[in-house]
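Please have the viewer open as you read.

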Amino acid sequence: MSELAWLLAGLLIGGCIAVTVLCCVQINRINNYEQEIRRLQQKLNDKI
C-alpha cells in the first residue's frame with residue numbers, strides 16, 4: 001500500500017514540475033514572438 005502512495009506522490013510532483021517547465025517555455029516563446037513583432041513594426045515605421 002505504501003508503494004502506491006509513493007507512486008501517486010511521485011506522479012503528482014512530477015506532473016507539477018512538468019507543467020511548470022512547459023508554462024515557462026510557452027511564456028518564453030510568446031515573449032520572443034512579441035519581440036519579433038515590435039522589431040518588424042519598428043522596421044516598417046522607419047521606412048515610412
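1. Let's start with the surface. The protein chain exposes about 4,700 Å², and carbon and sulfur atoms supply 69% of that area. Accessible areas here come from the Shrake-Rupley method with a 1.4 Å probe, and for residues only the protein chains shown count as cover.

2. A word on the basis of all this. You are looking at a predicted model, in which local features need pLDDT of at least 70 and side-chain atom pairs count only at pLDDT 80 or more, while totals for chains, interfaces and linings use all residues. Residues are numbered from 1 along each chain as its sequence is written, and side-chain values use heavy atoms, with hydrogens and water left out.

3. Now the overall form. The protein chain has one helix and zero strands; helices (H or I, at least four residues) and strands (E, at least two) are DSSP runs, numbered from the N terminus. Along the principal axes, the C-alpha atoms of the protein chain fill a box of roughly 70 × 5 × 5 Å.

4. S2 and I30 are 28 residues apart in sequence, and their C-alpha atoms are 42 Å apart in space. For E3 and K43, 40 residues apart along the chain, the C-alpha separation is 60 Å.

5. How much of the protein chain is buried? Of its 48 residues, 0% are buried, where buried means under 20% relative accessible area, exposed over 50%, and partly exposed in between (1.4 Å probe, protein chains only).

6. Please look at the nonpolar patch. M1, L4, L7, L8 and L11 make a nonpolar surface patch of about 570 Å². Patches are made of residues with over 30% relative accessible area and no salt bridge, with like charges joined within 9 Å and nonpolar side chains (Val, Leu, Ile, Met, Phe, Trp, Tyr) within 5 Å. L7 lies in helix 1 and is partly exposed, at 48% relative accessibility.

7. Which residues form the salt bridge? E36 pairs with R39, and their closest N and O atoms are 2.6 Å apart. The structure holds one salt bridge, meaning a side-chain nitrogen of Lys or Arg within 4 Å of a carboxyl oxygen of Asp or Glu. Both E36 and R39 lie in helix 1 (residues 2-47), three residues apart, about one turn of the helix. E36 is partly exposed at 35% relative accessible area, and R39 is partly exposed at 43%.

8. On charge, the mean positions of the 5 positive and 4 negative charges of the protein chain are 14 Å apart. Lys and Arg count as positive and Asp and Glu as negative, leaving out His and the chain ends; each charge is placed at NZ of Lys, CZ of Arg, CG of Asp or CD of Glu.

9. Lastly, the cysteines. A search of the whole structure finds zero disulfides, a disulfide being a pair of cysteine sulfur atoms within 2.5 Å. C23 is in no disulfide, and its nearest cysteine sulfur, that of C24, is 7.0 Å away. C23 is partly exposed, with a relative accessible area of 41%.
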